[in-house]
Amino acid sequence: MNPPSDSALGASMSEVLFSAQDIATKVVEMGAELADHYRGKRPLVVGILNGCFPFIADLVRAMDIELEVDFMSVSSYGAGTKSTGVVRFIKDLNQPIQGRHVLLVEDIIDTGLTLRYLTEALQTRKPESIEVCALLDKQAGRTQNIEVRWRGFMCPDAFVVGYGLDYAGIYRNLPYVGVLDPSVYRGK
C-alpha cells in the first residue's frame, strides 16, 4: 500500500503494511478469541508501555469478559532502531499476580529479549499462567525462544512505526502501521 501523502508523518513512510481497517478487523478477531480462552478466569491484561497503548485499549474493548488492566514498562531500544541488548525495567505492576492468569500485551516482538526478561521476572511471582499477545511478530530478528500464543500479523524485517510504534518518540499516533523510510533515521 502507498503511504498517505496528505500527512506530514505519512510522507515519512515508504509503505503502509497494515491499514487502520486491517488492524481494527484483526483486533476484534483477537479479542473474541481471547474472551473465549479467558472466560470465567478474570485475567490481568498487562500492557507493555509505551507502544501497546492503542492496541491494548482496542483489544480489551473487544474482550466481552471480566478482566483487569495494568501496565509495565521495560526498554531495550532507547532512541535507536535496533535493540541495545540491555533491558531496563522502568515501571512495575501495581498489584500482585500470584495465582492470576496474566496476559502480556505487546505492540511488537522483535528479538524477544525484552519479553524473555519480563516473563522470567514475572514467573518468580507465581502466576497461574502467563500468555503473550502481540500485534506484530517480527521473527527475522528473533534471538530468544519466545512463545507468542496470539499474534495479529507477521511483520517483515523492516523498521515499522504507527499504531503505538515509534521512532524516537514520534509516529505513535498514526492509525496504521507503516515502514519508516530509512532516510529518516539513516546516519543516526
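## Exercises on a predicted fold

Of the 188 residues in the protein chain, 49% count as buried, meaning under 20% relative accessible area with a 1.4 Å probe, protein chains only. This is a predicted model, where local features need pLDDT of at least 70, side-chain atom pairs count only at pLDDT 80 or more, and totals for chains, interfaces and linings use all residues. Residues are numbered from 1 along each chain as its sequence is written, and side-chain values use heavy atoms, leaving out hydrogens and water.

**Exercise 1.** Work out how many helices and strands the protein chain has, and their order.

*Solution.* Start with the DSSP runs: helices are H or I with at least four residues, strands are E with at least two, numbered from the N terminus. The protein chain has three helices and nine strands. Now read from the N terminus: β-α-β-α-β-β-β-α-β-β-β-β.

**Exercise 2.** Describe how helix α1 and helix α2 cross.

*Solution.* First, find the helices: α1 covers residues 20-38 and α2 covers residues 53-61. Next, look at their axes, which come within 8 Å and cross at roughly 55°. That makes α1 oblique to α2, since angles under 35 degrees count as roughly parallel, over 145 as roughly antiparallel, 65 to 115 as roughly perpendicular and the rest as oblique.

**Exercise 3.** Find which residues of α1 and α2 meet, and sort them.

*Solution.* Look for contacts, meaning heavy atoms within 4.5 Å. On the α1 side you will find V27, M30, G31 and L34, which meet F55, D58 and L59 in α2. Sorting these residues gives five nonpolar, one polar and one charged.

Definitions and conventions:
Axes fitted to C-alpha atoms, helices over the stretch in contact; angles between N-to-C directions. Nonpolar A, V, L, I, M, F, W, Y, C, P; charged D, E, K, R; others polar. Buried < 20%, exposed > 50% of the residue type's maximum accessible area, 1.4 Å probe, protein only.
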